[in-house]
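Reader: I've got a new model open and I'd like to learn how to read it. Could you walk me through a few features, one at a time?

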Amino acid sequence: MHLPNTLPFAAAMACLALPFAVHGQPFMSDSAALRQLRTDVYTLADDSMMGRETGTKGEQMAAAYIMDRFRQLGLAPMGDDHTYLNAFRFAALPRTGPDNTLQLGRAKLKAGTDFYPLGYSANAQVLTRVARCRYGIVAPEKGRNDFEGVQLEGRAACMSISSPDGIHPHSAWLAHNDLRTRIDNAVKRGATAVIFYNDDPDKATDPPAEFHMKLQPSSVPVVFLTKSGLAKLGQDGDPVVIHTDIIREEKTGHNVVGFQNNGKPWTVVIGAHYDHLGMGDEGSLYRGEPAIHNGADDNASGVATLLQLAADLRAMPNARNNNYLFIAFSGEEKGLFGSSAWAKHPTLPIDSLNYMINMDMVGRLDSTGHLAINGVGTSPAWAVLATLKAGNLSTKTTEGGIGPSDHTSFYLQGVPAIHFFTGSHDSYHKPADDADKVNYPGMLRVARYIESVITTLNDSTKLTFTKTADKDSTETPRFTVTLGVVPDYMYDGTGLRIDGVTEGKPAAHAGLKAGDVVIRLGEHATPDMMGYMKALGLFKKGDDTKVVFLRDGKQLEAPVHFQ
Ligand SMILES: [Zn+2]
């Protein structure tokens, strides 16, 4: 990959003496396999790995363990620069820095108590004066402009986060309530800072003090006054000194990549993510004091099964018509970062990939033996799945190539890809997802089933890829309409970059393609993912609007009809 390797693993990589893949060794007995599966899951889901959050020490420890296991298994390194590691950069969630200050008139406010910066804030120091502008709403169609008569040039726009009828889904001002829109309104009129407050606590909720998602910052400092801070806000013209400090860091994550070269033209990718939620990253469903999320089922189970497949496939003479690339992905929980980075900058040519098998949460096979297989619409060849009896499982398939795990990144590059999944449970994304709740014989049955898939397809031909009719991944009950795009979660610029377009949905009809960056839906700017979702939430079925987007640096627009 094009990114320089960072150094925490340099020592481990310095003395790689790799044996060539040794074929013809005896197949592991079931009891030995079960022991190894337990060891791998218990090690990866141990408290010492601290939940394996991408970009942390826990991730590095887990990667080191997987590299050791790859080495033992005789896999050749196929990451960056002849190592097992494949680095990718990602934007970490922003954090509030130590240097936020706000002075209103003579009052020095206390950061965190009287005020806090919002995710929309730029980092800046501004000396200015108060300019009150009610809600900061501009709605000519309703005859309202809160900036009328306000001298805003060079001032701090001070406005309530509520609206004339409060904040709720049936508000008449719904299309104007977005804080980002109000900030942009003020900045357009010359404001050099924005100060929000909540003077309507029964009808509006304070914005969160922590940053739960990446917001595209505006060009000015943006702070929120708490109740105690609001009490100190003076009159128009009072002096204001603001200094905002938000830490926006890029971090590095690492996939671990090992190769079994059988000297064949096509390579099968076998993948499973090894990262998890750390002490409760975004995505955690647990509410309480920070706690280690061990992620035994999600997804130490998939990694352990991957390691079992690596051992077994070398001992199976009827599986040698492909090469095998084993990838333990990181960054999955934060938005498929690792698999997306690998699929876009692969360490083996993407055209040489035959198909991809993803295992994410395969550790909770229940007594009925139900195994879900997602993505069977990605190639006609997956029809064989129905005929396989290995593991005595009852399989349930879905067609779509787009889902909430790493196979999606391969599907989007035109690689047939399926995802194995033993189902969700009540410790999903909670600290209770521990190694003692994993069904180890169940994992072995899943491994045997996948091995029979691989041997059945072991005839030297490359699988045909087919596109699937997908559900939009942004489709949630909040939305009555969908555009039908897969957002690029790695994209950090202004707008929403499209990673894939769903067939038969409005975006496809409008001619949008992967790589396009949506910057506006109708009247509503879409500066980031959050802005896009908010804009989308304002449309209903049957609406017509236009989408404005950038393609190769050119601004284009196309009509959109929401079905
Ligand atoms: Zn997960």
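Reader: Let's start with glutamate 53: buried or exposed?

Author: A residue counts as buried if 20 or more other C-beta atoms lie within 10 Å of its own, exposed if 12 or fewer, and partly exposed in between, with C-beta atoms placed from the backbone. Glutamate 53 has 26 other C-beta atoms within 10 Å, so it is buried. Bear in mind that this is a predicted model, where local features need pLDDT of at least 70 and side-chain atom pairs count only at pLDDT 80 or more, while totals for chains, interfaces and linings use all residues. Numbering runs from 1 along each chain as its sequence is written.

Reader: Where is glutamate 53, and which residues is it in contact with?

Author: Helices (H or I, at least four residues) and strands (E, at least two) are DSSP runs, numbered from the N terminus. Glutamate 53 sits in the loop between helix 2 (30–44) and helix 3 (57–72). Two residues are in contact if their C-beta atoms, placed from the backbone, lie within 7 Å. Leaving aside neighbours within four places in sequence, glutamate 53 contacts Gly58, Glu59, Asp275, His276, Leu277, Gly278 and Asp281. Its C-alpha is also 8.0 Å from that of methionine 279, 226 residues apart along the chain.

Reader: How many residues are in the largest nonpolar core?

Author: In soluble globular proteins, nonpolar side chains tend to be buried together. A nonpolar core here is a set of buried Ala, Val, Leu, Ile, Met, Phe, Trp, Tyr and Cys residues joined through C-beta atoms within 7 Å. The largest one has 143 residues, and Ala156, Val194, Val303 and Leu306 have the most contacts inside it. Helix 6 (residues 296–314) supplies the largest share of this core, nine residues. As for alanine 156, its contacts beyond four places in sequence include Val130, Ala131, Val194, Ile195 and Val240.

Reader: How do I read helix packing, say for helix 6 and helix 9?

Author: Two packed helices are described by the angle between their axes and the distance between the axes. Axes are lines fitted to C-alpha atoms, for helices over the stretch in contact, and angles run from 0 to 180 degrees between N-to-C directions. Helix 6 and helix 9 (residues 440–456) pack at about 50°, with axes 10 Å apart. That makes the pair oblique; angles under 35 degrees count as roughly parallel, over 145 as roughly antiparallel, 65 to 115 as roughly perpendicular and the rest as oblique. Among the residues making the contact are Ala304, Leu309 and Leu313 of helix 6 and Met443, Val446 and Ile450 of helix 9.

Reader: At what angle do helix 2 and helix 6 pack?

Author: About 140°, with their axes 9 Å apart. Helix 2 and helix 6 are therefore oblique to each other. The contact includes Leu37, Val41 and Leu44 of helix 2, and Ala300, Val303 and Leu307 of helix 6.

Reader: Why is helix 11 described as largely enclosed?

Author: Seven of the eight residues of helix 11 (residues 529–536) are buried, so the rest of the structure largely encloses it. The buried ones are Met529, Met530, Gly531, Tyr532, Lys534, Ala535 and Leu536. Their cover includes helix 4 (179–188) and strand 23 (496–501).

Reader: What does glycine 500 touch?

Author: Glycine 500 is found in strand 23. Beyond four places in sequence, glycine 500 touches Ile402, Leu412, Val486 and Ala514. Glycine 500 and alanine 514 are 14 residues apart in sequence and 4.8 Å apart in space, C-alpha to C-alpha.
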